Amino acid sequence: MKIRLLFLEFLLLQRATSENILIWPAVGSHWINLKAIINKLIARGHSVTVAVSSAALHIDYSEPSPVKFEVFQVPFTTDKYRDFMDVLLEFWIYEKPQLSHWQAYRKFSAIIEHGKNITNGICDGVIKNEKLVQKLRDSKFKVMLSDPVHFCGDLLALKLGIPFIVSLRFSPGFTVERLCGQIPAPPSYVPAILSEFTDKMSFTERVQNVLYTFMYDWMCKWLWRDWDSYYSEALGEPTTLCETMGKADIWLIRTYW
């Protein structure tokens with residue numbers, strides 16, 4: 001019942017009951033997808049504020065817009081962010097098709113680990129900025145829409161004391177969706193993202209799919225190890241990134257719509 005009411009508040013409220021909604025975005029195609037939702041929210045009379053870093057790509061917060069932008073400073077430049085994204089896209093588009101699953105897994109893990117400083121900088125720019133957090137708290141937001149490609153949207157929502165909705169296309173091996181969102185996706189039946197299998201798997205492919213799922217689970221847990229400490233310190237109690245993300249009230253999986 002709570003989820004149904006929150007979903008109605010998020011998408012179906014009339015203009016007479018407009019609310020303040022906070023957006024925690026990612027970049028590139030992720031931002032394009034969020035913009036479609038943002039435009040619908042504005043058309044329904046809601047007030048939308050986007051928390052965006054000073055080095056954000058593809059988000060032009062300098063032009064006049066019905067969207068409000070809360071810009072926070074980060075310790076890196078837009079060029080550094082663009083360089084990281086170029087490396088990631090180069091791998092995804094040109095290198096990965098030429099590599100084995102194991103080679104692609106190792107290269108992808110190394111790229112994400114290398115980009116940890118950028119993600120850390122984005123999180124610190126908000127979570128450790130008490131003045132900004134208080135300003136956002138005073139704005140009385142009703143709900144947050146968060147893209148978990150950039151961590152800490154869930155963390156910010158908890159610090160603000162508001163519910164949050166996750167908008168996600170996919171994670172490697174469906175790891176985030178399964179471990180954090182509790183989405184049923186048994187690897188013996190559901191092909192793992194990046195496995196390149198279809199839903200018509202042979203017995204051998206099903207065995208391989210199970211191994212790929214375990215591989216991406218291990219990768220994510222390894223990459224999350226420092227974030228568990230970060231989240232625990234920020235909330236002042238033992239927790240994990242996955243546990244915190246799992247507190248989302250609604251998961252919008254973009255492969256479904």
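Me: Which residue in β6 does V166 stand opposite?
Reply: In this model, which is a predicted one, V166 stands opposite W251 in β6. The strand β5, residues 164-168, is joined to β6 by 4 bridges, and the two strands run parallel.

Me: OK, and how many strands form the open sheet, and in what order?
Reply: There are 6 strands in the open sheet, and they follow the order β3-β2-β1-β4-β5-β6, with parallel pairing. The edges are taken by β3 (68-72) and β6 (250-253), and because each of these has a single partner strand, one side of each is left without a neighbour in the sheet. If direction is ignored, neighbouring strands of this sheet are turned by 20° against each other on average.

Me: What holds strands of a sheet together in general?
Reply: Strands of a sheet pair through backbone hydrogen bonds, and the pairing can be either parallel or antiparallel.

Me: Which strands does helix α2 touch where it packs on the sheet?
Reply: Helix α2, residues 29-43, touches β1 (20-24), β2 (47-53), β3, β4 (143-146) and β5, and its direction makes about 155° with that of β2. Helix α7, residues 153-160, also packs on the sheet, where it touches β1, β4 and β5, and its direction makes about 175° with that of β4.

Me: Back to β1 for a second, how many of its residues are buried?
Reply: For β1, 4 of the 5 residues are buried, so this strand is largely enclosed by the rest of the structure. It is joined to β2 by 4 bridges, the two running parallel, and within this pair I23 stands opposite V50 in β2.

Me: Switching to helices: at what angle do α5 and α6 pack?
Reply: Helix α5 and helix α6 (residues 130-138) pack at an angle of about 65°, and their axes are 6 Å apart. The residues that meet are G125, V126 and I127 in α5 and E130, L132 and V133 in α6. By class, that contact divides into 4 nonpolar residues, 1 polar and 1 charged.

Me: And G121, is that buried or exposed?
Reply: G121, which lies in helix α5 (residues 116-127), has a relative accessible area of 5%, and since buried means under 20%, this residue counts as buried. Leaving aside residues up to four places away in sequence, G121 touches V74, P75 and F76.

Me: How far apart are the C-alpha atoms of G121 and F91?
Reply: They are separated by 23 Å, and the two residues are 30 residues apart along the chain.

Me: What about S109, buried or exposed?
Reply: S109 is found in helix α4 and is buried as well, with a relative accessible area of 7%. When residues up to four places away in sequence are not counted, S109 touches M219 and L223.

Me: New topic: what volume does the largest pocket have?
Reply: The largest pocket has a volume of about 1,200 Å³. It is lined by 42 residues, and those closest to its centre are H30, L88, F108, I112 and V149.

Me: Which elements give two or more residues to that lining?
Reply: Those elements are α2, α3 (78-95), α4 (101-114), α5 and α9 (203-235), and α3 gives the most, with 8 residues. Sorted by class, the lining of this pocket has 27 nonpolar, 9 polar and 6 charged residues.

Me: How many cavities of 30 Å³ or more are there?
Reply: A search of the whole structure finds 3 of them, and the largest cavity has a volume of about 90 Å³. Of the 13 residues that line the largest cavity, P25, A51, V52, S53 and H150 are the closest to its centre. The largest share of its lining, 3 residues, comes from β2, and the lining divides into 11 nonpolar residues, 2 polar and no charged.

Me: And what lines the second largest cavity?
Reply: The second largest cavity, with a volume of about 40 Å³, has a lining that includes S146, P148, F164, V166 and M245. From α7 and from β5 come at least two lining residues each, and by class the lining divides into 6 nonpolar, 3 polar and 1 charged.

How values were computed
Residues are numbered from 1 along each chain as its sequence is written. This is a predicted model: local features need pLDDT of at least 70, side-chain atom pairs count only at pLDDT 80 or more; totals for chains, interfaces and linings use all residues. Side-chain values use heavy atoms; hydrogens and water are left out. Two strands pair if DSSP finds at least two bridges between them. Axes are lines fitted to C-alpha atoms, for helices over the stretch in contact, and angles run from 0 to 180 degrees between N-to-C directions. Contact means heavy atoms within 4.5 Å. Buried means under 20% relative accessible area, exposed over 50%, partly exposed in between (1.4 Å probe, protein chains only). On a 1 Å grid over the protein atoms alone, a cavity is a set of points where a 1.4 Å probe fits but cannot get out, and a pocket is an open set with protein on both sides within 12 Å along at least five of seven lines; lining residues have an atom within 4 Å of a point. Grid points are joined across faces, edges and corners, and a volume is the space filled by probe spheres set on the points. Ala, Val, Leu, Ile, Met, Phe, Trp, Tyr, Cys and Pro count as nonpolar, Asp, Glu, Lys and Arg as charged, and the others, Gly among them, as polar.
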